[in-house]
Protein chains: 4
Amino acid sequence: MSLASGRTYLAIPGPSVVPDAVLRAMHRASPNIYEGELIDMMPALTADLKKVARTDGHVAIYISNGHGTWEAALANTVAPGEKVLLLSTGFFAKAWGWVVEARGIEVDVLDFGNGGTFDLALVEDALRADATHEYKAVLAVHVDTSSSNRNAFAPLRQILDDLDHPALLMADCIASMGCDRFEMDAWGVDVAITGSQKGLMCPPGCGFVFFNDKAAEARSRLDRVSVYWDWTQRANPEAFYQYFSGTAPTHHLYGLRVALDMIHEEGLEAIWARHDTLARAIWTACEHWGQDGPLKLNIQDPNLRSRAVTSLSIGKPDGRRLRQWCADQGGVTLGIGLGMSTEEDPMSEGFFRFGHMGHVNAHMILGLLGVVEAGLAAIGVPHRPGGVAEAAKVVSGV
Amino acid sequence: MSLASGRTYLAIPGPSVVPDAVLRAMHRASPNIYEGELIDMMPALTADLKKVARTDGHVAIYISNGHGTWEAALANTVAPGEKVLLLSTGFFAKAWGWVVEARGIEVDVLDFGNGGTFDLALVEDALRADATHEYKAVLAVHVDTSSSNRNAFAPLRQILDDLDHPALLMADCIASMGCDRFEMDAWGVDVAITGSQKGLMCPPGCGFVFFNDKAAEARSRLDRVSVYWDWTQRANPEAFYQYFSGTAPTHHLYGLRVALDMIHEEGLEAIWARHDTLARAIWTACEHWGQDGPLKLNIQDPNLRSRAVTSLSIGKPDGRRLRQWCADQGGVTLGIGLGMSTEEDPMSEGFFRFGHMGHVNAHMILGLLGVVEAGLAAIGVPHRPGGVAEAAKVVSGV
Amino acid sequence: MSLASGRTYLAIPGPSVVPDAVLRAMHRASPNIYEGELIDMMPALTADLKKVARTDGHVAIYISNGHGTWEAALANTVAPGEKVLLLSTGFFAKAWGWVVEARGIEVDVLDFGNGGTFDLALVEDALRADATHEYKAVLAVHVDTSSSNRNAFAPLRQILDDLDHPALLMADCIASMGCDRFEMDAWGVDVAITGSQKGLMCPPGCGFVFFNDKAAEARSRLDRVSVYWDWTQRANPEAFYQYFSGTAPTHHLYGLRVALDMIHEEGLEAIWARHDTLARAIWTACEHWGQDGPLKLNIQDPNLRSRAVTSLSIGKPDGRRLRQWCADQGGVTLGIGLGMSTEEDPMSEGFFRFGHMGHVNAHMILGLLGVVEAGLAAIGVPHRPGGVAEAAKVVSGV
Amino acid sequence: MSLASGRTYLAIPGPSVVPDAVLRAMHRASPNIYEGELIDMMPALTADLKKVARTDGHVAIYISNGHGTWEAALANTVAPGEKVLLLSTGFFAKAWGWVVEARGIEVDVLDFGNGGTFDLALVEDALRADATHEYKAVLAVHVDTSSSNRNAFAPLRQILDDLDHPALLMADCIASMGCDRFEMDAWGVDVAITGSQKGLMCPPGCGFVFFNDKAAEARSRLDRVSVYWDWTQRANPEAFYQYFSGTAPTHHLYGLRVALDMIHEEGLEAIWARHDTLARAIWTACEHWGQDGPLKLNIQDPNLRSRAVTSLSIGKPDGRRLRQWCADQGGVTLGIGLGMSTEEDPMSEGFFRFGHMGHVNAHMILGLLGVVEAGLAAIGVPHRPGGVAEAAKVVSGV
């Protein structure tokens, strides 16, 4: 007998749950790509995308995943042989660094570990030391999907401005956009990237690069940019195919249209508030359980926690065992630990993650926590019972 | 801000949650209805349907809802002017009675209220008093969707056999089949009915009447049966259209095929065990909450409770308020109270129901209970907190 | 090698091709059936249904197929032991007659064969002979799906009025509604029936009975009507479930909503004109082929031909062979001959039918005719080549 | 009134018609991307992809469109500053050339116009002249989607071998793979590229680069390749995410799985034969019409014509008018002319194309031709009537 038979919940940090309405919109005949409806949809689509990033700048849509947007952001702004500063608070920042290096760009990494955020003094030191402005860009991840920390960008902008440093400020918002508050223009971010498969609630397959006029100037400084990554025509196309440098991602565009309608109907502020409350419910449950056992949130300071993903440790091999139980008996798939491996736990068996991004509500999250509480008991991990009830209190708003 | 935005859960006692695989199978071009695949599918489909009812008898498929199967069961067995005995433990038994009467059939009702089950002594008295065997059938509901009680049929068979009473034993299994254990042949049920939209996990639109040879003989005794309800050809067709007395419910058949595959792959015993555990989780939570407040399960004796639907009272107007909160803030739609109205509560505002039939797993049920616990707190209904955590314990199996 | 691999066309006379938008609307979670959207949709849905029948009367929606509506129409108007007059021009009229008889209603049949229409003089004679008004209804099929003839109803109304005969005039519009012009009120039809799966472009599973006040009065005359067929509450429900005598056909309603939107956006007159042109294209091709071979339209007079279905003969066994070739090599499924069997051709192997109802356009019909022309050549049936090109001329409007 | 209302046919040269089964497979919940079914699917998926290209080499899957695969093929084989030889027979070869240049690669173009194929003597001259083997690759398009010509690759291999020239032979098979015969290994092609949205019958969104060991060696010669385009890990991944350099195109993979099943069930030889017959039907109709009017196939020699796309001219503005009529009245969307503009016809209003790739059968193609014949008559373009009937003859095989 399994208690998992039913509608399962994929609680990994992306791809997220795709709304039925989005899937329905994608279940359709291929459209004409030279005339008609799809072409006419584009201006409103890009406008609505930019609203999600809170920018009046530009957006380029790529058929790619998030890694593709890492390439695109660099391809348009930094030439091989030039240099960038990378601020790391998790695995994905480091992985972005590898992409930078493979493009022949020099990268200095300030590594702040997996458990916190930037030490602004160190950032300032590094930028101040760069008197000749070798750094063409400062790269940082808004929410690192591995460590689940959330970094502030306004202070980085402040430092750059104070030092009059011309480096572009680039934000990887792949895990956060549409979940954690992000204000591209207000925070002074020059380039922001994301993908279709998390807060935007679509299947993987599209990436988005938002950029402002300052970043556009950086592009024009470059000798050459490969056609596929060049954002110039994508952001200001004269013909429809230029949005995508070739054939459009037709079905994704229909799905994205519906997802954006859902987002703007609910309202970004309401969405951020929903994610905030549900994240607090999760933290409350986890802290409750952890009072009498090994379960620990990876990020201790609530201000530094993502509202879209939560990284946890429980000790080897119970992370793996808990994930297994939740899938086999609960109908919930948890995310594996990523980038947290230690000498004693090379396979990250003591870590796991909750994805709670995009199309998630109280029922889904309380069900997730209920299953985890059942799982802790079932596999015999010490914990203080009642975490899910504490989470329900948070949800109740009382 | 609403915490309901996400994948919602319709927790009403039918229609139940349709699995994605079933919906996917129904999203298809119309098939040929004269030759080919659909025609070839039928023998295995009817065989697999009968396995769900645990019968080696016959099955007739109707394009209808459950009310239609009430008609069909009677149309083939009892003539206008004849008489049946109806055992009522809830609203739907009574509603079946109205259908009986409108067919010109006389009906004697033994009403056992909404909170329990049959008084077998009274049943025996009634049948013993019918020395001339006026009663052509004894009608009873297995699980009454309104009161959520569950009745035993083997004792009814025992009484009929002991008295040598030839009345057919008919069971309405609309709410229960595929959720609560039901053994048509072993329990001596002659006619059993159900619909597509509950334990069978399909959209509404098909009804099923199972009958044994004794019931088939009753049919042959009748002068005439209207073509649409006549089960003779439907159960033993020479041509495909005779299964359905006309055009087949093509898309439902494809959905049903997938649903039956899911059912038999999981196994009926495993499905019944899953429903049993999840129902016990629900009862545990409700009884916990009720220790410090007005919430009450309608059926006190666990042996008499359905594993597919749970009827509750909480006092007017809090049933209505709780349903509203769960829908608006939790993403869960609860069922309204039905057939439980009182003088003080003519609109049944103090009642509500959980549907937990078919495609339900631990995540869905614990999420439901988490939302209800949050809702009780939010709208200020006194309750002992922690019910959802108690339910998680049941799910853990520890 | 097969030339059939691709998107196939089911050209049988029902179920018809379901538009993608209808299937998409049906691919959804089950809705609440006690409150909300679905309930709110009903008034406009029934209003839009009535517009399709061109009536200001009433409509009852049944979960059933067309045969079910045959029962419903009778159940509400004619009691067992009473009498009706049935005018037959094909197999389905006769089949309706069997349904009448099985209800214990006496039926006099005027059989006008399979190749034409009513002899109005004979109809008038029969009604005039019924001086005591034994006939409670005159039953006739608008388009008989087997013979593909189309009958006029206004002359029948004229006869009834001239004779002051109170019999209800009932029209089976299952094959025709939404394809062939039908004007219920203007033509004086009292009861009209149809199904979801032909001109209404939905999967099979719903039937519709339209009736006017005179027919409603006939209902009130009856002692009893079985609950499922009783149209009283269905047409004037106080609660949502009464529309359907129980659980609603939830998914069909969503599909039907989209289908009605499509119908009224295109406009009934435009739809009828489209079917008329496409039907004329079909006839032109067939008459062209038949000039040098055995292929023959069943109905000779164009005024008596349906615009939704076309019945043909070609001689045994070439009907069967042609259907086989079109399916295996062309990607088109033709309808079998029905009700046309003769002593020499007991299995109707010399007959076949084209369904061209509902969601059909020039591409589909010219493709159908192109495949048939290829098939005639491939299996060696003598014919004058070029029929499909003649049909293209009709489509061109030149 | 419009005769277009019905199931429309998008007859543009990509995206092609997506089979219902593919769309159905893509309509599903997001899967886990760390464990389970999707991960397990990959070995068979890549094996089946390689069978379509007729290669025992390697395949790298990209989230991209066809333009992306142009980049990928170059990124792994030719460094900036190096040189390639490009053989052009249409617009898309030229466009590939622009991509080459933007990568800082020098490109020599041999332009053979839009109406034929390579002049092998000129190719041989160019390669012979390159005694120092500056050309790292010879780039050519198998079927140019604009001109619809089809080029042979075996002769190019012969020339390279005869001259002992080490340049890689690269084939753009975007428009042709799975439609026109293509034998990568047998023909000595080193790198072949295609996309998901034409012969592979999926929505746009994935690109595929096939390469052999010789090409793999070219990759290892390069100092650096950007991570996204690097095919090394994609073709030989140690972890699932390496197939895609990040998040997988989850839904496309499910669709592709079904498409490959359909392809290998039908068989590549059968598919090529089907496309061949249907293409000949199209040519026959067009040549027939053209006997008495301006309609002309762009490619005169049948051996040089694609079986997947057909480019036509008819004179300005009748190409545009015909497309409009077919869409508005016929339910068929034709492709616009591309890359064929002249001084008199700068907007290519006198050109149009038929896409007949992938999921196409006799019904679809004969319907297309029927509509075009009707359109020619309707808009008054002189033509010899009967082309569609001639095409039916081709389809009949007689």
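This briefing describes a sheet in chain A, the contacts that chain A makes with chains B and C, and the salt bridges.

The model is predicted: local features need pLDDT of at least 70, side-chain atom pairs count only at pLDDT 80 or more, and totals for chains, interfaces and linings use all residues. Residues are numbered from 1 along each chain as its sequence is written, chains are lettered from A and ligands numbered from 1 in the order in which they are written, and side-chain values use heavy atoms, with hydrogens and water left out.

**The sheet of chain A**

- In chain A, 7 strands make up an open sheet of mixed pairing, ordered E2-E8-E7-E6-E5-E3-E4. Strands (E, at least two residues) and helices (H or I, at least four residues) are DSSP runs numbered from the N terminus, and two strands pair if DSSP finds at least two bridges between them.
- Strand E2 (58-63) and strand E4 (106-111) of chain A are the edge strands, each pairing on one side only.
- On average, neighbouring strands of this sheet are turned by 20 degrees against each other, direction ignored; the axes are lines fitted to C-alpha atoms, and angles run from 0 to 180 degrees between N-to-C directions.
- E2(A) runs antiparallel to strand E8 (residues 206-211) of chain A, and 6 bridges join them. A:Ile63 has A:Cys206 in E8(A) as its bridge partner.

**Chain B against chain A**

- Chain B and chain A each bring 44 residues to the contact (heavy atoms within 4.5 Å).
- About 3,500 Å² is buried between chain B and chain A, with 68% from carbon and sulfur atoms; buried area is the accessible area (1.4 Å probe) that two parts lose on being put together, summed over both.
- B:Leu3, B:Arg7 and B:His363 lose the most area in chain B to chain A, together 25% of what that side buries.

**Chain C against chain A**

- Here 5 residues of chain C touch 5 residues of chain A.
- Chain C and chain A bury about 430 Å² between them, 48% of it on carbon and sulfur atoms.
- The number of salt bridges between chain C and chain A is 0.

**Salt bridges**

- Over all chains, the whole structure holds 108 salt bridges.
- One joins the side chains of B:Asp48 and B:Lys51 (3.2 Å, N to O). Both residues lie in helix H2 (residues 37-52) of chain B, 3 residues apart, about one turn of the helix.

Definitions and conventions: Salt bridge = Lys/Arg side-chain N within 4 Å of Asp/Glu carboxyl O.
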